[in-house]
Amino acid sequence: MRLTQRTCGRARAGVRQPGYDRSRLSRGVVHLGLGAFHRAHQALYTEAAIRDGDTRWGIVGVSLREPRTPRALAAQDCLYSVTERAGPAATTRIIGAVVQAWYAPHTLDQVLGALADPGLAVVTCTVTEKGYCVQPSSADLDTTHADIRHDLAHPDTPRSTLGVMAAGLRRRPAGAPLSIVCCDNMPANGDTLRKLLWQYAALTDPALARRVRDDVAFPNTMVDRIVPAATPASRRDAQHRLGLRDEGAIVCEAYSQWVIEDRFAGPRPAWEAGGALMTGDVRPFQAMKLQLLNGTHSAIAYAGQLCGLETVAEAMADPLVGAFANGVMADLRATVQVPAGYDAVRYSEALLQRLRNTALEHRTAQIAADGTQKVPLRWLPALRAIAGAERPYLERALAMWLHWLRSDREQALAWHDSGAPALAARLRGAHSDPDAVREAFAHAAVFGSEPWPPLLAARLARHLAVLRGGGAAALLSF
Ligand code: CS2
């Protein structure tokens with residue numbers, strides 16, 4: 001039997017139900033990017049606000065690219081389950097906060113209508129780093145991006161995140177307050193989104209650009225929860241716990257954190273009910289999390305890929321990769337400023353513990369995807385900050401990524417990471433390892449245009465030579 005509004009009461013005992021009248025929910029939030037992360041993170045905070053009695057905040061979930069999730073949710077009255085797992089312990093709950101699940105290419109008019117509704121006060125988004133059509137090294141709009149070019153030519157039938165936001169805003173009556181809350185892993189994510197949307201609007205519609213600048217709030221946020229993409233095994237596990245078939249089931253860790261800059265243009269859900277922290281300055285939280293967690297994650301992903309380790313937990317259990325992860329975190333810690341009240345070492349230890357969670361099937365391939373978008377945010381600031389001083393683990397991580405790109409995996413990569421083929425082609429065209437490093441550093445889209453220290457280049461070339469000769473195990477045994 002499948003999970004729906006009619007059947008949800010028949011879930012196994014112990015499964016937590018929404019516990020409120022979903023028919024009373026209004027559409028208060030439009031969310032762009034209906035993947036597992038949103039549904040296991042922000043949606044749960046909104047659920048908590050609704051359970052506290054505020055029925056204004058039903059979520060209109062919009063998928064811009066992927067039809068599977070909206071189709072699955074629509075067949076389940078938008079209900080789905082979240083199973084939180086820490087080792088053998090697990091809790092399963094049914095989430096009721098999503099009230100619509102739309103696939104934008106098929107429902108564009110409704111999506112734009114929802115964005116234009118003056119009663120709508122909050123838009124959230126999780127479209128991944130590449131979903132913003134941003135140039136990773138400069139954080140400026142990539143005006144050569146095919147989707148941006150399409151949307152500039154066809155502003156009323158957009159397909160990019162920015163194009164959809166702009167088209168919705170254009171239809172919106174002036175003066176209706178709106179806050180757009182970016183929930184992707186980018187430093188200053190709200191400020192960056194404001195700049196990108198402004199740059200996009202300024203290309204064709206100066207009045208809209210002014211509204212983006214003056215009328216819309218873009219609070220910065222730090223989001224944290226490990227939510228692997230569902231696999232057949234995780235779905236079976238969740239369905240077993242639920243006792244109903246659920247094509248939207250998510251299995252994730254029990255840990256969750258959301259830190260939000262308290263800068264909204266109008267009303268918002270009381271996300272504090274779910275434990276969100278409202279603060280004046282999110283930057284130290286973002287830097288700490290993006291570098292220590294995501295930076296280490298990416299290093300584990302490439303080391304794991306090169307060593308044939310499929311999941312993060314397997315990689316962490318491998319003596320070489322496990323020790324390497326610890327070292328990368330220490331290298332990143334050397335330059336990161338943690339928020340007041342945090343102890344960087346204790347935070348790192350808790351992270352390592354989370355990464356060892358054997359109940360999650362978090363694939364190294366998933367984290368390795370989109371490296372040209374992630375590496376410039378996760379590793380390069382630390383390598384810039386310590387120009388001169390050797391950071392043995394982080395530099396080995398960078399060498400492993402370059403080696404991974406130049407090996408024959410670039411076909412698979414091209415599919416995920418549209419920035420990878422150009423860098424991979426440079427690396428493959430190089431005549432020697434030092435030449436490969438020169439080529440990489442000359443690739444300004446990823447490495448920026450400021451020169452990199454020659455000593456760093458020399459060390460990277462040596463690491464590439466070791467990788468070529470003895471593989472990742474040789475590089476990590478030092
Ligand atoms: C991961 C993140 O896929 C990735 O690149 O590093 O999705 C990570 O799991 C989350 O940011 C954890 O909060």
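These legends go with a few close-up views of the structure above. The model is predicted, so to speak of local features we need pLDDT of at least 70, and side-chain atom pairs count only at pLDDT 80 or more, while totals for chains, interfaces and linings use all residues. Residues are numbered from 1 along each chain as its sequence is written, and side-chain values use heavy atoms, leaving out hydrogens and water.

**View 1. Meet the residues around the ligand.** Here the ligand is surrounded by residues including Asn185, Asp224, Arg225, His297 and Ile367, where "near" means that a heavy atom of the residue lies within 4 Å. Sorted by class, this shell has 5 charged (Asp, Glu, Lys, Arg), 4 polar and 1 nonpolar residues. Domain 1 (8-279) and domain 2 (283-476) each supply at least three residues, with bounds from an automatic or database domain assignment.

**View 2. Polar side chains reach ligand oxygens.** Look for polar contacts, pairs of N or O atoms within 3.5 Å. Asparagine 294 has a polar side-chain atom 2.9 Å from a ligand oxygen. For lysine 374, a side-chain N or O atom is also 2.9 Å from an oxygen of the ligand, and arginine 378 has such an atom at 2.9 Å too. The protein buries 89% of the 340 Å² that the ligand exposes when taken alone (Shrake-Rupley method, 1.4 Å probe).

**View 3. Two helices line up by the ligand.** Helix H10 (283-306) and helix H15 (371-378) each give two or more residues to the shell. H10 gives the most, with 3 residues. Helices are DSSP runs of H or I, at least four residues, numbered from the N terminus.

Technical notes. Polar contact = N/O pair within 3.5 Å; in protein donor to acceptor, adjacent residues only side chain to side chain.
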